[in-house]
Amino acid sequence: MTKPSLPDLLHAAVSAVGGTERPGQVAMAEAVAEAIDDNSHRLIQAGTGTGKSLGYLVPALAHGERVVVATATLALQRQLVERDLPRTVEALHPQLRRRPQFAMLKGRSNYLCLHRLHEGAPQDEEEGLFDQFEAATPTSKLGMDLLRLRDWADETETGDRDDLTPGVSDKAWSQISVSSRECLGATKCAYGAECFAEAARERAKLADVVVTNHALLAIDAIEGAPVLPQHEVLIVDEAHELVSRVTGVATGELTPGQVNRAVKRSAKLVDEKVADALQTASETFERVMELALPGRLEEIPEDLGYALMSLRDASRNVISAIGATRDKSVHDEDAVRKQALAAVESIHSVAERITNGSEYDVVWYERHDRFGATLRVAPLSVSGLLREKLFEDRSVVLTSATLKIGGDFNGVAASLGLSPEGVEGDDVPLWKGLDVGSPFDYPKQGILYVAKHLATPGREGTRGDMMDELAELIEAAGGRTLGLFSSMRGAKAAAEELRGRLDNPILLQGEETLGELIKTFAADPKTCLFGTLSLWQGVDVPGPSCQLVIMDRIPFPRPDDPLMSARQKSVEEHGGNGFMAVAATHAALLMAQGAGRLVRASGDRGVVAVLDPRLATARYGSFLRATLPDFWYTNDRNQVRRSLAAIDAAAQADGK
């Protein structure tokens, strides 16, 4: 039987989802197929509207070997598993003569734990186990969440937290879930045969396509114990997020509260002398943390070093001793021991990592008004880890709407541990970059306006001229505004100020769930939505409700961000331009994502307004602008107000 052609397969898949075939999508599918056939690597930038999920799913399904698809957002995971994959599999069946299986796989704590649900959670304050369902009053929010979870447990087929609608608080979920470290293991657990997490793993082992997230991909790479099934092809979607997700997984932290919980959980399981040593180390650590000031620790202070060594040694002794339980009356002893062990192992691994010290780690204090001080340690770079763990023994395709920074792929490639395109070297994987463009006509659909006349934003204080500009732009647009702010404080200040000046409803991130805010924003064109980081990347509102996207300033990392400043310093020490490689690249990536909120469909029209004159006047401005969509560019404030008014009038004439 002749092998079906890729164009025929793509045509069938696009027709099945009611889409339109686009040249960029065809070019992408061909590049993915070529990478799979050659066992090579590709970085593919595919603009909004390309239909990139089908651009990689069709060649992946046609390939016939197992493929892992890793995404950053829950929304895309659900879209793939609930919509794109079922339709594509059915559409390709007549030509492929098979129906590839697919499955979703997440970390263990995303699944309901039947043992925790039925036996209760070990608690610090109580002897043995504690029935959280009885302790939470039925009328409290926590109590109602827990009762709903108990009912849901009887009907769910997946046990996946994201299948529970509406969701529950993290506190409620933590009562009925376990981390991989706390899990008893299927063979030791009375509920192992019915375990939702184990069932998900089994489905993944049988699937041709496994959809997972960046965090689980990072765990699979870092921890050495394979979580994902063997696979020949890895496709990373939303790949611009990968480095920050991997960094997050590779970051350790210690807090006095966390250490205290470990002490309480383990005290009953070891002899008094061993327990007392951990208690003493905990108290010493707590005293040091009370005096901790925020910022990077280029050298570990003597008092902290002593406290960490005490914690490391005491926790190691507890781990060794925990096998022999002192109190045989403890109910469900295995679960109590496992949870205590997980808590103490976590303390030991972070204390040991910081004590050992590494030039490749950054250590810093953070202080939170409510929670006190936290000690953190993170890798200076994850590029070596990614080069070693990601690109060996499989073909890797990384794709996103934003992979070219400042006009080329090399910046993103370097962050992934790759050499510049076309450069060969020992142990350095070769790769090719491809920009398949976008189906949108950006110069005709959008305007990039930089408010060059405004004062340069300072670190502190309100910007009166910026508030005036913001109010005038929103009035000209008739609402329809997504306000992207570089800090929550800036978003709140703007919302408070403009609620007193404008008739338009202004929604503020944090005042309602993000999903509800976006729904309300999309439903009423007069409404504005203000917020920070997650709005820069997570909003998809095509049509007339979003015709003005405002960025209050270039979103450089904070100068006091310990990890970013350490990375910048490291680049400079190696002869590079730290500001451009770290701060400007970070800002460019976010601005490209933010500007991408404006044009989501072929009929969309609007303005991206940047209220920071440095985009027009600073030397790095052209680097940042080269990363943005190719909108028509202007500094003429009157022209922009006329354009916004015309776009608003056209939308009103259409009854929108």
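The model is predicted, so local features need pLDDT of at least 70 and side-chain atom pairs count only at pLDDT 80 or more, while totals for chains, interfaces and linings use all residues. Residues are numbered from 1 along each chain as its sequence is written, and side-chain values use heavy atoms, with hydrogens and water left out. Helices (H or I, at least four residues) and strands (E, at least two) are DSSP runs, numbered from the N terminus.

Two strands pair if DSSP finds at least two bridges between them. Angles run from 0 to 180 degrees between N-to-C directions, and axes are lines fitted to C-alpha atoms, for helices over the stretch in contact. Strand S1 (residues 41-45) pairs with S13 in the parallel sense, over five bridges. Ile44 has Leu434 in S13 as its bridge partner.

A further open sheet also holds seven strands, here in the order S16-S17-S15-S18-S19-S14-S20. The pairing is again parallel. Strand S16 (506-508) and strand S20 (632-634) are the edge strands, each pairing on one side only. The twist in this sheet averages 15 degrees from one strand to the next. Helix H24 (residues 578-595) packs on the sheet. H24 touches strand S15 (481-484), strand S18 (548-551) and strand S19 (606-610), where contact means heavy atoms within 4.5 Å. The direction of H24 makes about 160 degrees with that of S18. Strand S14 (residues 446-450) pairs with S20 over three bridges, in the parallel sense. Ile447 stands opposite Trp632 in S20.

S11 is mostly covered, with six of its eight residues buried. Buried means under 20% relative accessible area, exposed over 50%, and partly exposed in between (1.4 Å probe, protein chains only). Val363 stands opposite Val377 in S11. A hairpin of three residues links S10 to S11.

Two packed helices are described by the angle between their axes and the distance between the axes. The axes of helix H1 (residues 6-16) and helix H4 (residues 74-96) come within 8 Å and cross at roughly 140 degrees. The crossing is right-handed. A crossing is left-handed if the near helix is turned anticlockwise from the far one by less than a right angle, and right-handed if clockwise. From H1, Asp8, Leu9, Ala12, Ala13 and Ala16 take part in the contact. They meet Arg87, Thr88, Ala91, Leu92, Gln95 and Leu96 in H4. By class, the contact of H1 with H4 has seven nonpolar, two polar and two charged residues. Ala, Val, Leu, Ile, Met, Phe, Trp, Tyr, Cys and Pro count as nonpolar, Asp, Glu, Lys and Arg as charged, and the others, Gly among them, as polar.

Helix H2 (residues 23-38) packs against helix H3 (residues 52-63) at an angle of about 35 degrees. Their axes are 8 Å apart. This crossing is right-handed. Residues of H2 in the contact include Met28, Val32 and Ile36, and those of H3 include Leu54, Tyr56 and Pro59. The contact of H2 with H3 has nine nonpolar, three polar and one charged residues.

Helix H7 (residues 141-155) has 15 residues. From first C-alpha to last it reaches 22 Å, close to the 21 Å expected at 1.5 Å a residue. The expected span is 1.5 Å times one less than the number of residues. Buried residues in H7 are Gly143, Asp145, Leu146, Leu149, Trp152 and Ala153.

Two single residues complete the description. Ser266 is found in helix H12 (residues 256-267). Ser266 counts as buried because its relative accessibility is 2%. Leaving aside neighbours within four places in sequence, Ser266 is in contact with Leu278, Val318, Ile322, Ala340 and Val344. Lys526 lies in the loop between helix H21 (514-523) and strand S17 (528-531). Lys526 is exposed, with a relative accessible area of 53%. Beyond neighbours within four places in sequence, Lys526 is in contact with Gly478, Gly479, Arg480, Asn504 and Pro505.
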